[in-house]
Amino acid sequence: MSQGRNGFLLEGVRRFGAVVLFLMSLLVQCVPALGRPRLIVHQIYNTGARSLIIIMLSGLSVGMVLALQGVNLLQRFGSEEVLGTAAALGLLRELGPVVTALLFAGRAGTALTSEIGLMRATDQLTAMEVMAVNPLRYVAAPRFLGGVIAMPLLAGIFSLIGLFGAQLVGVGMRGVDKGSFWSQMQDSVDLHDVSEGFTKSIVFGVLCSLIAVHEGYNSEPTAEGVSLATTRTVVASSVLTLLVDYILTAAFLN
Amino acid sequence: MDVHDVHYNVNSRSIFAGVNVKVRRGRITAIMGPSGTGKTTLLRLITAQAAPSQGRITVFGQDIDHVKGPAVYALRKRMGMLFQNGALLTDMTVFENVAFPVREHTDLPEPLIRRLVLTKLQSVGLRGATDLMPAELSGGMARRVALARAIVLDPEILLYDEPFVGLDPISMGMIVRLIKQMNDALGITSIVVSHDVKELATIAHDSYLISGGKVVASGSPQELDRSQDATVRQFMTGSAEGPVPFHYPAPDYHTQLMEEEP
């Protein structure tokens, strides 16, 4: 039993070490990759622009639900005019970065892992190696950077659309005063709240992109290997996003 | 290029146990052997994608075991490799695939890159396919594009990994002629890994037959054809009976059939 637990722990440490080493080699290759902005822009389009619809739809629906629940709760205390503040703080500091990261892992993360995994399975990465082109620099680094840049942009769009959804339901359907909704928000939300959300989305961007690229790059070159790597990307990204969110929230509140 | 007494193990399983191969400049050398004898692994060792457990591989006069970091890439720039499945980059057109190594390793102006790529595509008969994506190509066409890409930087050594597998007779004939042409016209040293004896016999100057982790015979294809060695005879005639067993090691057939389900 204890041997099994030790083995599990050892495997965990080994995996963590492998990811850290991969991150270090990736960061080294990010420097020359920055000299190829065309590749990075292409990846921002792939991971960011192609996730826009799902992010906007989810943002709208989360904002609308937030308003429904918010009005219901705040009415009990006769303070529904603070709905704008509640929605803005909830979206900017928490829901925007976290839900965007979860959606990113499911939409863009899986696409990154399976794409790189299939490149591995069809010898494309080996062909690059033999052509004296480092696949970490050409394939992994632009995808990683693209994800890191796209995540805060997507989280920002998610929060903005969410606010629109909250106003649509809160003001348009539940009769919250429009002036109070926006003025309360303006008074209470400051740069600190925005920077908390921004920092979280950058950290989640690094986390989700790193996991997606690492899993794809190191997947077994078989159909089963790529499918397992894709599953691991979603599971690891989602769980770590939620765990790291707790740590970051605690750090910001202190 | 010289492969000297190379041993290679994977997970304590021996793939090579003292392989010796000498490749002479400007000649076509065939590496033959039954499936699973590690022919592709030998190419991985030559291109420094893996290191031998023991022995020495010398390419361009350099012991590749001592070549590290950027020097490995410098060495690979002087080689080209044709993969079994072509290994074309699937998100690029045929033109971009062939232009890829040029863009990565040179600062040539765009008009020159265009001319260079068109010249190489012309030599493999696919100048008209520049705008096609790899998914739109047949197996033979993909391999010809991959060949154009492998020769675009005029390598000194060209490695072919199973270039004839899965091709129809016309495509196979084209690839055979192209390998010969590359060697005759450009003087490229070629190493062809394959088990297609008939095709290799028409183009190879030297050939090596690998079986059981060792070179069991070497010489010209004609010499191999005349050999009386049992392994060589079995391979050249494609017989199921001989030193290379058809059956994977298993318990007695009848005993196993009569056994109760475990």
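**View 1. Helix α6 of chain B lies across strands β3, β7 and β8 of chain B.** In this view α6(B) lies across β3 (28-32), β7 and β8 (189-193) of chain B and runs at about 155° to β8(B), where contact requires that the C-beta atoms of two residues, placed from the backbone, lie within 7 Å, and where axes are lines fitted to C-alpha atoms, for helices over the stretch in contact, with angles running from 0 to 180 degrees between N-to-C directions. Helices (H or I, at least four residues) and strands (E, at least two) are DSSP runs numbered from the N terminus. The model is predicted, so that local features need pLDDT of at least 70 and side-chain atom pairs count only at pLDDT 80 or more, while totals for chains, interfaces and linings use all residues. Residues are numbered from 1 along each chain as its sequence is written, and chains are lettered from A and ligands numbered from 1 in the order in which they are written.

**View 2. A six-stranded open sheet of chain B has mixed pairing.** The strands follow the order β6-β7-β8-β3-β9-β10, two strands being taken as paired if DSSP finds at least two bridges between them. At the edges stand β6 (79-82) and β10 (214-219) of chain B, each with a single partner strand, so one side of each is left without a neighbour in the sheet. Neighbouring strands of this sheet are turned against each other by 15° on average, direction ignored. Between β6(B) and β7(B) the pairing is parallel and extends over four bridges, and Met81(B) has Leu159(B) as its bridge partner in β7(B).

**View 3. Glu162(B) lies in the loop between β7 and α6 of chain B.** Although Glu162(B) is not a glycine, its phi is positive, at about 45°. Glu162(B) is buried, with 20 other C-beta atoms within 10 Å; a residue counts as buried if 20 or more other C-beta atoms lie within 10 Å of its own, as exposed if 12 or fewer do, and as partly exposed in between, with C-beta atoms placed from the backbone.

**View 4. A four-stranded open sheet of chain B is paired in the antiparallel sense.** Its strand order is β2-β1-β4-β5. The edges are formed by β2 (13-22) and β5 (62-63) of chain B, each with a single partner strand, so one side of each is left without a neighbour in the sheet. Strand β1 (residues 2-10) of chain B pairs with strand β4 (residues 54-59) of chain B over four bridges in the antiparallel sense, and Asp2(B) finds its bridge partner in β4(B) at Thr58(B). In the loop between β1 and β2 of chain B lies Asn11(B), whose phi is near 50°, a positive value in a residue other than glycine. Asn11(B) counts as exposed, with 4 C-beta neighbours inside 10 Å.

**View 5. Helix α3 of chain B has buried residues that are covered by, among others, α4 and α5 of chain B.** The buried residues of α3 (residues 94-105) of chain B are Val94(B), Phe95(B), Asn97(B), Val98(B), Ala99(B), Phe100(B) and Pro101(B). What covers the buried residues of α3(B) includes α4 and α5, the latter being residues 139-151 of chain B. Helix α4 (residues 110-123) of chain B holds Thr119(B), which counts as partly exposed with 13 C-beta neighbours inside 10 Å. The C-alpha atoms of Thr119(B) and Met141(B), 22 residues apart along the chain, are separated by 16 Å.

**View 6. Helices α8 and α9 of chain A cross at roughly 155°.** The axes of α8 (residues 191-217) and α9 (residues 223-253) of chain A come within 9 Å. The two helices are therefore roughly antiparallel to each other, a term for angles over 145 degrees, whereas angles under 35 count as roughly parallel, 65 to 115 as roughly perpendicular and the rest as oblique. Residues making the contact include Phe204(A), Leu207(A) and Ile211(A) of α8(A) and Leu240(A), Val244(A) and Leu248(A) of α9(A). By class, the contact has twelve nonpolar, four polar and five charged residues, with Ala, Val, Leu, Ile, Met, Phe, Trp, Tyr, Cys and Pro counted as nonpolar, Asp, Glu, Lys and Arg as charged, and the others, Gly among them, as polar.
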